[in-house]
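Here are my notes on the model you sent over. Have the structure open while you read them.

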Amino acid sequence: MVKTEFDEFVAKEVNAQKGVSIPVHAGALERLLVRKVACSNLHPNADDEFTFDEVGPSYRIIGDYEKKFRDAMQKGQELFDEPLIVEKLRPSGYLILNGHHRWAAAMRVGIKKVPVKIVNQATESDIKKILENSKHDKRVALDLDEVIYRPGNYPYLEKALGFPRNLKFKQRIRLGTPALFYYLSKKGYDIWVYAHEYYSIDDIRSFFKGYSVYVDGIITGISKKQEADLESAKRVEKMISNKYLETIHIDNDMILVTGKKTGGFEEYELKGPEEEWAKTAITILEEIEKKENNKE
């Protein structure tokens, strides 16, 4: 594979940050507003396939963005439909979480600054602190993108959040989710949500607070984290495994129970009317609890 000048630039950028930069949590004010940041102050992510030797940037995608930017500049239109998602770094700059190809295209057409949204990600130490502070020995895990968030045309949605939260949070959630989360909390489960995309952990917590429910653990960017993050992911999973005697995975059509109590796993089919997904899940969880109580 022939390396371009830009490939070499990306590789140098990644190498320059190695052993120098670390992610840090941004303050509430920094995360509140979309701001414009110099392209030179944005750094490519070593955990993203954009920087991998065997994958690298897609010049077709970059070219499409270049054309879009040039057309918009000629017409005096807004260049970006949405900001790049970034994480604050110490000693300086920001790590690109989502938007590498737009960043590349902006630099190639001479755009000096791009809009960014700063988010905080859960670090290994954050997760360790959550586990140390938890008084529970069981948890439930749900996929945020595939199970909880639903498209706007989905027929069974919770009512949208009221003003002013509705200005910030556009996501819609499956009908019954708050009731399910409330039930789980009342029964002594820690609630963990996982997301394939990068989201701000603070935004997710605030979003669910709008529905009067609390989420204990939040892990995002699963589909983006690659080789360099595997060791950290293994350590996190080991900490979680050591902490909880039981984990219940709730999916769209199945509930899976794993843990030290069962010594393996148990599956329960989650079937019934789509609008009663949460009610059906609660009924199954009640049956599981009765079963556990009868064993004791």
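1. First, the ground rules. This is a predicted model, so local features need pLDDT of at least 70 and side-chain atom pairs count only at pLDDT 80 or more, while totals for chains, interfaces and linings use all residues. Residues are numbered from 1 along each chain as its sequence is written, and side-chain values use heavy atoms, with hydrogens and water left out.

2. The overall picture. The protein has 11 helices and 14 strands; these are DSSP runs, H or I of at least four residues for helices and E of at least two for strands, numbered from the N terminus. The C-alpha trace spans about 70 × 40 × 40 Å along its principal axes. Of the 296 residues, 45% count as buried (under 20% relative accessible area with a 1.4 Å probe and protein chains only; exposed is over 50%, partly exposed in between). Taking contacts with a separation of 6 or more, 73% come from residues 24 or more positions apart (contact means heavy atoms within 4.5 Å).

3. Strand β10, residues 190–194, deserves a look. How many of its residues are buried? The count is 5 of 5. Asp190, Trp192 and Tyr194 lie on one side and Ile191 and Val193 on the other, and both faces are covered.

4. What does β10 pair with? Strand β7 (residues 138–143) runs parallel to β10, joined by 5 bridges (two strands pair if DSSP finds at least two bridges between them). Within that pairing, Ala141 has Trp192 as its bridge partner. β10 also pairs in the parallel sense with strand β11 (residues 217–219), over 3 bridges, and there Val193 stands opposite Ile218. From β10 the chain goes through α9 to β11 in a right-handed β-α-β crossover (with the strands pointing away from the viewer, the path from the first strand over the helix to the second runs clockwise).

5. On the way from α9 to β11, check Ser212, which is in the loop between them. Its phi is near 65°, a positive value in a residue other than glycine. Most residues other than glycine have a negative phi, and most peptide bonds are trans. Ser212 is exposed, at 67% relative accessible area.

6. Strand β4 (84–90) is another mostly covered one, with 5 of its 7 residues buried. With strand β6 (residues 113–118) the pairing is parallel, over 3 bridges, and Val86 has Ile118 as its partner. β5 is antiparallel to β4, with 4 bridges, including the one that sets Glu87 opposite Leu95.

7. The β4–β5 hairpin has 3 residues between the strands, and Gly93 there takes a positive phi near 90°. Pro91 sits in the loop between these strands, and the peptide bond from Arg90 to Pro91 is cis, with omega about 15°. A cis bond also joins Phe163 and Pro164, where omega is near 5°; Pro164 belongs to the loop between β8 (149–150) and α7 (165–168).

8. Is Cys39 buried or exposed? Cys39 counts as buried because its relative accessibility is 4%. The residue is in the loop between β2 (35–38) and β3 (42–43). Beyond its neighbours within four places in sequence, Cys39 contacts Trp103, Ala106, Met107, Ile111, Lys112, Lys113 and Val114. The C-alpha atoms of Cys39 and Ala104 are 8.7 Å apart, across 65 residues of chain.

9. Finally, the second largest pocket, with a volume of about 600 Å³. A pocket here is an open set of points on a 1 Å grid over the protein atoms alone where a 1.4 Å probe fits, with protein on both sides within 12 Å along at least five of seven lines; lining residues have an atom within 4 Å of a point. The volume is the space filled by probe spheres set on the points, which are joined across faces, edges and corners. Of the 20 lining residues, Ile85, Lys117, Gln171, Tyr199 and Asp203 are the closest to the centre. Helix α9 (residues 201–209) gives the most to the lining, with 3 residues. The lining divides into 10 nonpolar, 3 polar and 7 charged residues (Ala, Val, Leu, Ile, Met, Phe, Trp, Tyr, Cys and Pro count as nonpolar, Asp, Glu, Lys and Arg as charged, and the others, Gly among them, as polar).
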